[in-house]
Amino acid sequence: MIDMHNHILFDTDDGPKEIEESVRMIETAVEAGFDELMLTPHYFPNGPYLKTTKENTEKFELLKRVVEKAGIPVKLFLGSEIMYAYHVPDLVCSGDFKTLGDTCYFLLETQRRGATAEGLLGVVRKLEQMGFSSVFAHPERVDFVQEEPEILRDFISRGCLIQCNYLSLTDYYGPAPERTIRQLLEMGLVHTIGSDAHQKEAYELWPQADERGKAAAGEDSWKRITMDNPAKLLAGEKLVTEAGPVRMTVSSYLGKTDLGIIFE
Ligand SMILES: [Fe+2]
């Protein structure tokens, strides 16, 4: 199983400060059943999280060496979680943040309160014009999605994938995200999940979330969301989803990848 979103990387954001704690998080993730982890440190264009990809890569390589030496059976990848700002597309070549592993996908988040769908959609559209695709992180925690879950169809129709936090299925964030993730799962609007873990406790809640997710989405969909889709995303294959048709992204036309082509 792949965790596509977490803050395991030490000394980069509001996750662990020390490498030892990163290792403990990885051990807990592996115990929970995750054998591939996409590390996605925060990048906030307007601060306070401004560590560059170069800085993150140095820590990532060090962590990888430590994990390998400790014999922990896990594969690590590096990405970023990018906070919405209207000028995010202008920063793509700055080296401040990166895509998820070697894919053409940027993981985007937006403020939980007071943001607009239009703002984030604008960034998704501009990135698409540049040949990149987007993943919308934990929309179930965002007020404009809680008020109108259907709004996610606008994102999906632009080739944007939807990634929810499995913790939202527990009472970790409270009733609104829990209600919304259930709605999104029932509507078939979720492509992948992530832990968004900032501490190891997030992985200890996986069995509870797994059980609830299976019940809400149905066993086949849950397997697709938790296992098949993340693997395909990383491997550059097509995703299958019930979230409705998603049109081809510019990068698909350019032949860089066919990740953006999603049917039914
Ligand atoms: Fe996150």
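Guide: Start with the terms: helices (H or I, at least four residues) and strands (E, at least two) are DSSP runs, numbered from the N terminus. By that count, the chain has ten helices and eleven strands. Keep in mind that the model is predicted. The chain holds 264 residues, and 46% of them are buried. Among contacts with a separation of 6 or more, 76% join residues 24 or more positions apart.

Now to the strand itself. Strand E6 covers residues 105-109. Is E6 mostly covered or mostly open? Mostly covered: five of its five residues are buried. A residue counts as buried if 20 or more other C-beta atoms lie within 10 Å of its own. In a regular strand, side chains alternate between the two faces of the sheet. For E6, Tyr105, Leu107 and Glu109 are on one side. Phe106 and Leu108 are on the other. Both faces are covered, and these residues are all buried.

Next, look at the partners of E6. One is strand E5, residues 81-83. Three bridges join E5 to E6, and the two strands run parallel. Ile82 stands opposite Leu108 of E6. Another partner is strand E7, residues 133-137. Four bridges join E6 to E7, again in a parallel run. Here Leu107 has Val135 of E7 as its bridge partner.

For contrast, turn to an exposed residue. Asp171 sits in the loop between strand E8 (161-165) and helix H6 (175-187). Why does Asp171 count as exposed? Because Asp171 has 12 C-beta neighbours inside 10 Å, and the cut-off for exposed is 12 or fewer. Along the chain, Asp171 and Ala209 are 38 residues apart. Their C-alpha atoms are separated by 9.7 Å.

Two packed helices are described by the angle between their axes and the distance between the axes. H6 brings Arg182, Leu185 and Glu186 to the contact. H8 brings Gly213, Ala216 and Ala217. By class, this contact has three nonpolar, one polar and two charged residues.

Note on methods
Residues are numbered from 1 along each chain as its sequence is written. This is a predicted model: local features need pLDDT of at least 70, side-chain atom pairs count only at pLDDT 80 or more; totals for chains, interfaces and linings use all residues. Two residues are in contact if their C-beta atoms, placed from the backbone, lie within 7 Å. Ala, Val, Leu, Ile, Met, Phe, Trp, Tyr, Cys and Pro count as nonpolar, Asp, Glu, Lys and Arg as charged, and the others, Gly among them, as polar. Two strands pair if DSSP finds at least two bridges between them.
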